[in-house]
Amino acid sequence: MSEESVGNLLDHLPDFLEILLGPEALECRLAELLAGAEHVSSVVPSALRSSPAAWGRLLAARKHSRVLVEGSTARCRPAVRWLDEVARHGPEIRVHCGLPAVPALPMFVFDGRYSVVPMDRSGARGAALLCKGALATAHRTLFEALWACSLPQETGRTGAAGLSLRELGITTLLLAGATDEQAATRTGVSARTVRTVVARLQRRFGTNSRMALGFRLAGSGACTGPAQVVEPARPPTAGEPPHGSCT
């Protein structure tokens, strides 16, 4: 990239990005955004709840329409009380059930036109990026994608039909056609744990096959999707070609 191109990019950078350094600048800008916004959509990791005052006041704002929290946050007793308080203001709350090693990126989207992202996940530095234009649109799209694959707050806490968050995550993947190994990778557990969970659910629901368990879970509303929990892939016997190979 030429020096002229770099110069043009830097000239237009304020049109897309604003750097908020320090608690005072952050709090002032957040107050302005809140005053002009009709609704706010938020992704709130567990660490952000105990962050500096500016984030706390933003989290307490009654303009939130949707709040997405991490599964670990939804199971933490102090966080459950906080979520109950937030829910009184009217926003819909869902639980993000992503991989344990990949926590949700904290973000706040104002009317889909602006987004604010802390420079660190805990928000402890009191610094953030204010995104506009295409950058804010990208964050809005990311939020919608996370929201679409999240669970209602009540389901995230105890699970429909009494399923835990782990049980719900595993069975949802199996109902969608994942193998034990794929479900294990997606949920951050071992394939043995997946089989243990399925066996425990079979005993709980009184079924003697995975397919029967799938129908029971789908009928109870615990999971959505095809009423079929797939069997794990069977290794080929001696003299049999591997699955998926051409003969």
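A salt bridge is here a side-chain nitrogen of Lys or Arg within 4 Å of a carboxyl oxygen of Asp or Glu. The model is predicted.

**View 1. The salt bridge between Asp-180 and Arg-195.** The closest N and O atoms of Asp-180 and Arg-195 are 3.8 Å apart. Asp-180 belongs to helix H9 (residues 180-187) and Arg-195 to helix H10 (residues 191-205), so the contact ties together parts that are 15 residues apart in sequence. Asp-180 is buried, with a relative accessibility of 0%, whereas Arg-195 is partly exposed at 40%.

**View 2. The salt bridge between Lys-132 and Glu-18.** The N to O distance is 3.6 Å. Distant parts of the chain are linked here: Lys-132 is in strand E7 (residues 128-132) and Glu-18 is in strand E1 (residues 17-20), 114 residues apart. Lys-132 counts as buried because its relative accessibility, 17%, is under 20%. Glu-18 is partly exposed, at 23% relative accessible area.

**View 3. The salt bridge between Arg-29 and Glu-32 within helix H2.** The side chains of Arg-29 and Glu-32 meet at 2.9 Å, N to O. Both residues lie in helix H2 (residues 23-36), where a separation of 3 residues corresponds to about one turn of the helix. Glu-32 is partly exposed, with 45% relative accessibility.

**View 4. The protein as the setting of these close-ups.** The fold contains 11 helices and 8 strands, and the salt bridges number 9. Of the 247 residues, 41% are buried. Contacts between residues at least 6 apart in sequence join residues at least 24 apart in 66% of cases.

Technical notes: Residues are numbered from 1 along each chain as its sequence is written. This is a predicted model: local features need pLDDT of at least 70, side-chain atom pairs count only at pLDDT 80 or more; totals for chains, interfaces and linings use all residues. Side-chain values use heavy atoms; hydrogens and water are left out. Helices (H or I, at least four residues) and strands (E, at least two) are DSSP runs, numbered from the N terminus. Buried means under 20% relative accessible area, exposed over 50%, partly exposed in between (1.4 Å probe, protein chains only). Contact means heavy atoms within 4.5 Å.
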